[in-house]
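Please take a look at the sequence and the structure before reading on.

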Amino acid sequence: QVQLVESGGGLVQAGGSLRLSCAASASRYAMGWFRQAPGKEREFVAAVSWSGGSTYYADSVKGRFTCSRDNAKNTVYLQMNSLKPEDTAVYYCAAALSIEARTQETEYAYWGQGTQVTVSS
C-alpha cells in the first residue's frame, strides 16, 4: 500500500501560478496528476516516469504545467502557470504499478485525497 498526500492547492487569480506537491510513502512508481471539476469526470493532467526522464501532458495544460519529481524526497510536483478559470478542480496525485509514465486512470493503483484548486476570473 502506498500513501499519497497532496498539498499546495488554493485560490489564485487567472494568470497566476500554484505548485502542487505529492508526498509518497514509497518510491519506484510512475506518478500522475488528475483533476475533477464539478459535474465532470476525472481527467488526466500530467504524468512522470519513475526516473523523471519521461513526462506526458494533457493538451489543455501543455506549455503551462510542468510535472517533476524529487526521488530523494519521494515527492512529485505539478507547477501550474498561466492558470485559467477552467483549471478549477480537485487535483489528485496517483501512483501507477509501473515505472513508466501512464496516461490512463485505470493504470493507477493508489490515489491521494485530492487538493482543491480554484482560479478566479
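How many bridges join β5 to strand β6? Three bridges do so, and β5 and β6 (residues 55-57) run antiparallel. Before going further, please note that this is a predicted model, in which local features need pLDDT of at least 70, side-chain atom pairs count only at pLDDT 80 or more, and totals for chains, interfaces and linings use all residues. Residues are numbered from 1 along each chain as its sequence is written, and side-chain values use heavy atoms, with hydrogens and water left out.

Strands here are DSSP runs (E, at least two residues), numbered from the N terminus, and two of them pair if DSSP finds at least two bridges between them.

**Around β5**

Strand β5 (residues 43-48) also pairs with β4 (residues 31-36), in the antiparallel sense and over five bridges. Phe34 stands opposite Phe44 of β5, while Val48 has Thr55 in β6 as its bridge partner. Five of the six residues of β5 are buried, so this strand is largely enclosed by the rest of the structure; buried means under 20% relative accessible area with a 1.4 Å probe, protein chains only.

| Hairpin | Residues between the strands | Glycine with positive phi |
|---|---|---|
| β4 and β5 | six residues | Gly39, about 75 degrees |
| β5 and β6 | six residues | Gly52, near 85 degrees |

Six bridges link β7 to β8 (residues 75-80) in the antiparallel sense, and Thr66 has Gln79 in β8 as its bridge partner.

**The enclosed space**

The structure holds one cavity of 30 Å³ or more. A cavity is a set of points on a 1 Å grid where a 1.4 Å probe fits but cannot get out, and lining residues have an atom within 4 Å of a point. The largest cavity has a volume of about 40 Å³. Its lining includes Cys22, Met31, Arg69, Asp70 and Val76. β3 (18-24), β7 and β8 each supply at least two residues of that lining. By class, the lining has five nonpolar, three polar and two charged residues.

Terms used
Helices (H or I, at least four residues) and strands (E, at least two) are DSSP runs, numbered from the N terminus. Buried means under 20% relative accessible area, exposed over 50%, partly exposed in between (1.4 Å probe, protein chains only). On a 1 Å grid over the protein atoms alone, a cavity is a set of points where a 1.4 Å probe fits but cannot get out, and a pocket is an open set with protein on both sides within 12 Å along at least five of seven lines; lining residues have an atom within 4 Å of a point. Grid points are joined across faces, edges and corners, and a volume is the space filled by probe spheres set on the points. Ala, Val, Leu, Ile, Met, Phe, Trp, Tyr, Cys and Pro count as nonpolar, Asp, Glu, Lys and Arg as charged, and the others, Gly among them, as polar.
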